Amino acid sequence: MDTSKLLKYNEPWILQRADPYVYRHDDGTYYFTASVPAYDGIVLRRAESLSELALAPEKEIWHKHDDGPMSVHIWAPELHYLDGAWYIYFAGGDKDNIWNIRPYVLKCQGQDPINDEWVELGKMKRADGDDFSFEAFSLDGTVFENNGDHYYVWAEKVGVGRQISNLYIAKMESPDKLATVQVMLTTPDYDWERVGYWVNEGPAVLKRGNKIFLTYSASETGKAYCMGMLSADKDSDLLDPRSWTKERYPVLKSDEELGIYGPGHNSFTKDEDGTDICVYHARSDEEIVGDPLYNPNRHARLMPVKWTDEDRPVFSFR
């Protein structure tokens, strides 16, 4: 069956899968994971192409606990291959305190992440001497490599009264422990990051030439949800906030004419031809009854990334 014709950009690709994450392994195999509507487990699927991922069988490789940590709100899993092993980074809450969200790590015991056993490594460990990281609402951890080092970027809420979700970065000592204390990269500075809630979350990394681009999502999860972006030189000190430049306006937001609402929480991959692809979720409905967080109709979509002559990414539905 020729599945290439099934791949349409900026249209629902995999239904009811929020926070989509696609990883292309060094053998060319694609893996897909995302938050499921029940927020009760972690699923994986794989295929030889992006188009085939939409039709690939999906398997739950881990299910939430009945109580205690990791028993509710299983969110935004990401699959990474580090130091010769598979890891999944995700966030989860506690049934006795559903907003007690923290980051956790799973490790696969073999080289087949679909069929081999996964074990829990527990909560992501902060660096020695760090008294702050992961002590409050923390989620959306992602990992990227630069100049031989691995970095962990995540969202964490701070403050009293209205809680504010900032993005933090640290260098990694191992796949489940940080080597350095947290450094704040961005806080919700602008009005478009403060709709409903003050939010910076969902970091994702895209590289080109000597630049690192870090996209993130802002505001509440309905129509106002949108993508912002930071950038840095790859040879700069990535733990120095001054190395990063923040865009004044969102780089992707709702398009009422096209009926695409709340685009965000993206990841990046490449298609079989080497084109950079932004994998994101969005809604088809402008108005949502009830809490948008529990509306299941955030669908995974694909967008080719365009590049300017200055090698800056452009995210466009058209």
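**View 1. The largest cavity has a volume of about 40 Å³.** The model shown here and in the other views is predicted. Strands E1, E5 and E18 each give two or more residues to the lining of this cavity. The lining is made up of Asp 19, Pro 20, Tyr 21, Ala 76, Pro 77, Glu 78, His 265, Asn 266 and Ser 267. With a threshold of 30 Å³ or more, the count comes to one cavity.

**View 2. The largest pocket holds about 730 Å³ of space.** Its lining comprises 26 residues, and those closest to the pocket centre are Tyr 21, Tyr 23, Val 143, Val 205 and Phe 268. At least two lining residues come from each of E1, E5 (72-82), E9 (138-146), E14 (198-208) and E18 (261-270). Tyr 21 is named in the lining of the largest cavity and is also among the residues closest to the centre of the largest pocket.

**View 3. A salt bridge joins Lys 123 and Glu 135.** The closest N and O atoms of the pair are 3.9 Å apart. Lys 123 belongs to strand E8 (residues 118-123), while Glu 135 sits in the loop between E8 and E9, so that the bridge links distant parts of the chain, 12 residues apart. The whole structure contains 21 salt bridges.

**View 4. Six acidic residues form a negative surface patch.** The patch consists of Asp 26, Asp 27, Glu 48, Glu 52, Glu 272 and Asp 273. Of these, Asp 27 lies in the loop that runs between strand E1 (18-24) and strand E2 (30-35).

Technical notes. Residues numbered from 1 in each chain as written. Predicted model: local features only at pLDDT ≥ 70, side-chain atom pairs only at ≥ 80, totals over all residues. Heavy atoms only, no water. Patch = residues over 30% accessible without salt bridge, like charges linked within 9 Å, V, L, I, M, F, W, Y side chains within 5 Å. Areas by Shrake-Rupley, 256 points an atom, 1.4 Å probe, with all protein chains shown as cover. Salt bridge = Lys/Arg side-chain N within 4 Å of Asp/Glu carboxyl O. Lys, Arg positive; Asp, Glu negative; His and termini not counted. Charge placed at Lys NZ, Arg CZ, Asp CG, Glu CD. Helix = DSSP H or I, 4+ residues; strand = E, 2+ residues; numbered from the N terminus. 1 Å grid on protein atoms, 1.4 Å probe; cavity = no way out; pocket = protein on both sides within 12 Å on 5 of 7 lines; lining within 4 Å. Points joined across faces, edges and corners; volume = space filled by probe spheres on them.
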